[in-house]
Each structure stands twice: as structure tokens, then as C-alpha cells.
Amino acid sequence: MIAIWSVASITFKEGIKNRVLFGIFIIALLLFAATTVVTTLFMRDIVKVAVDLSLSTVSFSGLLTLLFVGVNLFGKDLDKRTIYMVISRPISRSEYLIGKFFGIVMLSLVVVVFLGILSVLPVIISKKFYYYSEARFNWWIFLIAVIYIFIKLAIVSSIITLFASFTSNSFIALILSLVTYIIGQSTESVRLLLASQVEKIEVSPVVSFMADAAYYIFPNMSAFDLKTQAAHGLLISPSYILWTGLYAVSYITVAVAIGALAFRRREFP
């Protein structure tokens, strides 16, 4: 555990010092400012729009952080050959990989907390100046939605860890992680669409099989998107929180375990 914590701490510090992170924060600030302006263009549902855009900014900025900072934290050790100094010490390859994963998760946690606090401002402004009696909004649901964004980013971190375990090219790891995220974001919608069209049109068994396979292989990212619930003040059942939490832990565990196994068998040039 000491070795894992040491690697995680070093990885986190390297990520915080990365200049790209400050650029992402500036983009996030501009998006939050734009949210405040854009909401004034709507005649109604201004609070809902502010909540939706604010949570989307947190999610988008967190994803950018992982793709452009988190992926680079793996590739840097390989590019600068510092990986040889690490694995020559009394630390296993599995501990190194797990430490890297937790370091990236810690970085995403700080990013989500910081941006989550900033995301409150457009919502407060919209509630103060444009609030109407029909609006349904709950701060607890908003908080849960922010927490679920962090959980989604933790899953993305495990995917980055998996791909970085067997490729030395940061660009390839970035593309594979991004493709996995996009597929995971849309698998549930595609599966539901095919199921609704069964009686109207003939769906190919191959297409149906591929949709089901993608649904079970790729992470279901849409399950952690609670912007609609937060914007409309819809209650979230405890069973949903329990099962999605277990799903996230299970997927992360499997992805990191496979990555650790591949990294342990990997030969460095």
C-alpha cells in the first residue's frame, strides 16, 4: 500500500503541475460565463438550462483533463525512460499501475470538486433573478449528479489505465479511450432504439448481437448522466444509486486488473 500511495502521490502532483490543466480551467470558466449569458435567451425553464449546461461543463472539462493530462501521465514515464528507475525499485509492476490509476482518480476528484463549486454560481444566479414557482430543483440531486460525474471519470481513468498498460503510444491510448467513451455513452440508446423498432422493421440478428455485445463490453456511461434528473428535480431511487455504484466498482476493478496483468507481462524496449 505504501508503494501504491507513493506512485499515486507523485502522479497527482505531476498532473496538478501540468500547464494543460490551467488551460482546461480557463475553458471551463468561459463556459460557465457563457452559461450565465445563454440562460437569459430562454423565456422559461431558465433554471433547468443553467443546471444542464453547468453539469455538462463539469463533465466535459473533467473528460478533457483525463484525455490530455491523464493519458500523458502514463506516456511520460515511457518517453523519458523513468519507468526503468521505478520498476528497478522494490515495487511490482502491478503496484505501479494501480498507483498511477489512483493518482489520476485523485486528479479527477480535485477537478470535479473545483468545477462543481464553480458550477453552482450560474444556478444560483438563475434561481435568484429568473426563478419561477413551477420550477422543481433540489440541491441534493444536483450534488448527486456531480458525484456521478466523478464516478464516470473514475471509470474513464480505469479505461485509460487499461489501454496504457499495453501501448507505449500516448496518442493511441487517447484515441482508444475516447472511442470507448463515445461508444459507452451511446450503447444504451442504440439498444433501446433497436428494441423499439423490432415490430416496425426487421432488425438484422447480427446488428442486434453487436449492439448487445457492445452494451455489455463497453461501460454504460449514460447510466451516470443525471443532468435530466438534476434539471427537473426528479428523485433518484436508493436502489439505482446502489446498483450503479456496484456496477462502477465492478467495471473499474476488472479493467484495472486486466491492465495490471497485461502490464506485468509486458516487455519494455
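Leu31 lies in helix H2, which covers residues 19-38. Helices here are DSSP runs of H or I with at least four residues, strands are runs of E with at least two, and both are numbered from the N terminus. This is a predicted model, in which local features need a pLDDT of at least 70, side-chain atom pairs count only at pLDDT 80 or more, and totals for chains, interfaces and linings use all residues. Residues are numbered from 1 along each chain as its sequence is written, and side-chain values use heavy atoms, with hydrogens and water left out.

**The chain as a whole**

The chain has 10 helices and zero strands. Of its 269 residues, 43% count as buried, where buried means under 20% relative accessible area, exposed means over 50%, and partly exposed is in between (1.4 Å probe, protein chains only). The chain exposes about 14400 Å², and carbon and sulfur atoms supply 71% of that area. Accessible areas come from the Shrake-Rupley method with a 1.4 Å probe; for residues, only the protein chains shown count as cover.

A contact means heavy atoms within 4.5 Å. Among contacts in the chain with a separation of 6 or more, 83% are between residues 24 or more positions apart.

Confidence is given as pLDDT, the predictor's score for each residue from 0 to 100. The chain averages 83, and 86% of the residues score at least 70. Helix H4 (residues 83-87) has the lowest confidence, at a mean of 66, while H6 has the highest, at 92.

| Residue | Helix | Helix residues |
|---|---|---|
| Leu31 | H2 | 19-38 |
| Thr161 | H6 | 139-164 |
| Ala173 | H7 | 170-196 |
| Ala262 | H10 | 238-265 |

Leu31 has a relative accessible area of 31%, so it counts as partly exposed. Leaving aside neighbours within four places in sequence, Leu31 is in contact with Thr57 and Phe60. Leu31 and Val58 are 27 residues apart in sequence, and their C-alpha atoms are 9.6 Å apart.

Thr161 counts as buried because its relative accessibility is 0%. Not counting residues up to four places away in sequence, Thr161 touches Phe74, Leu97 and Phe101.

Ala173 is also a buried residue, since its relative accessible area is 3%. With neighbours within four places set aside, Ala173 is in contact with Val71, Phe163 and Thr167. From Ala173 to Phe163 the C-alpha distance is 5.4 Å, and the two are 10 residues apart in sequence.

Ala262 is partly exposed, because its relative accessible area is 26%. The C-alpha atoms of Ala262 and Leu162 are separated by 8.3 Å, although the residues are 100 apart along the chain.

**The second largest pocket**

On a 1 Å grid over the protein atoms alone, a pocket is an open set of points with protein on both sides within 12 Å along at least five of seven lines, and lining residues have an atom within 4 Å of a point. The second largest pocket has a volume of about 170 Å³. Two elements, helix H5 (93-130) and H6, each give two or more residues to its lining. Lining residues include Leu109, Val113, Gly116, Trp139, Phe142 and Phe150. By class, the lining has 11 nonpolar residues, one polar residue and no charged residues. Nonpolar covers Ala, Val, Leu, Ile, Met, Phe, Trp, Tyr, Cys and Pro; charged covers Asp, Glu, Lys and Arg; the others, Gly among them, are polar. A volume is the space filled by probe spheres set on the grid points, which are joined across faces, edges and corners.

How values were computed:
1 Å grid on protein atoms, 1.4 Å probe; cavity = no way out; pocket = protein on both sides within 12 Å on 5 of 7 lines; lining within 4 Å.
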